[in-house]
Amino acid sequence: MISKKMTERLNRQINREIYSAYLYAGMASKSASLGLKGFENWFLVQIKEELSHAKRMYDYVNESGDRVMLQDIEAPPQEYSSPIDLFEKTLEHEKRVTRMINDLVTLAKQEKDKTTEGFLQWYVEEQEEEEEHAGGVLEKIKKAVEDNGDKGVSIINEYLARRVFTPPEAKV
Ligand code: OFO
């Protein structure tokens, strides 16, 4: 049985994972409006990633004998100044989520809740991957633009078009 406080915090995190999907939906739409279908594809895949993060936590809360309680999801920012800005904001967001996950781990440790601490380990590793991935794309875009100007964005657009969703179960 997890504590009431931990359940509330996990509920909050489910909300943040779904918010992340919403944030990336805005970025996908912005990319589409710029004619960058590859960028759009990357963010559409990211929406699936985020919903799978939420679903995993949803199952954990519901299976622990408690119940997921949904909360409001605010509108995300929708204006971005450039393709580079999209990925700068993505990386910033993922760093924020990493801090949230780390805070949850701290709480699990304080409560000596080994089961939840173990459960969260998957998210700790996933966040490392998320930051690495977003940071890697950001570096690639910056480099491509530096070397090729506007053509650099098209090169990266083609690269991002190749991203496919790998369900988390397939990664373990
Ligand atoms: Fe759920 O990892 Fe991104 O936000």
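I started with helix 2 (residues 37-63) and helix 3 (residues 83-110): their axes come within 13 Å and cross at roughly 10°. Helices here are DSSP runs of H or I with at least four residues, strands are runs of E with at least two, and both are numbered from the N terminus. The axes are lines fitted to C-alpha atoms, for helices over the stretch in contact, with angles from 0 to 180 degrees between N-to-C directions.

Before going on, I noted that this is a predicted model, where local features need pLDDT of at least 70, side-chain atom pairs count only at pLDDT 80 or more, and totals for chains, interfaces and linings use all residues. Residues are numbered from 1 along each chain as its sequence is written, and side-chain values use heavy atoms, leaving out hydrogens and water.

Back to the pair: helix 2 and helix 3 are therefore roughly parallel to each other (under 35 degrees is roughly parallel, over 145 roughly antiparallel, 65 to 115 roughly perpendicular, the rest oblique). On the helix 2 side the contact (heavy atoms within 4.5 Å) includes Phe39, Trp42 and Phe43. Helix 3 brings residues including Pro83, Leu86 and Phe87. By class I get eight nonpolar, two polar and two charged residues in this contact. Nonpolar covers Ala, Val, Leu, Ile, Met, Phe, Trp, Tyr, Cys and Pro, charged covers Asp, Glu, Lys and Arg, and the others, Gly among them, are polar.

**Two other helix pairs**

Helix 1 (residues 4-33) also packs on helix 3, at about 170° with the axes 11 Å apart. Helix 1 and helix 3 are therefore roughly antiparallel. Their contact residues split into 13 nonpolar, five polar and eight charged.

Next I looked at helix 4 (residues 114-148) and helix 5 (residues 150-160), which pack at about 145° with their axes 6 Å apart. Among the residues in this contact are Val137 and Ile141 of helix 4 and Val153 and Ile156 of helix 5. I noted nine nonpolar, two polar and three charged residues there.

**Single residues**

Is aspartate 85 buried or exposed? It is buried, at 9% relative accessible area (buried is under 20%, exposed over 50%, partly exposed in between, with a 1.4 Å probe and protein chains only). Aspartate 85 sits in helix 3, and its side chain reaches the backbone nitrogen of serine 81 at 2.9 Å.

Then I went to the loop between helix 2 and helix 3, where I found glutamate 74. Glutamate 74 is partly exposed, at 36%. Leaving out residues up to four places away in sequence, glutamate 74 touches Arg16, Tyr19 and Tyr22. Its side chain makes a polar contact with the side chain of arginine 16 at 2.9 Å. (A polar contact is a pair of N or O atoms within 3.5 Å; within protein, one must be able to donate a hydrogen and the other to accept it, and residues adjacent in sequence count only if both atoms are side-chain atoms.)

Leucine 70 is in the loop between helix 2 and helix 3 too, and counts as exposed at 69%.

Last stop: lysine 112, in the loop between helix 3 and helix 4. Lysine 112 is exposed, at 71%. Its phi is near 55°, a positive value in a residue other than glycine. Most residues other than glycine have a negative phi.
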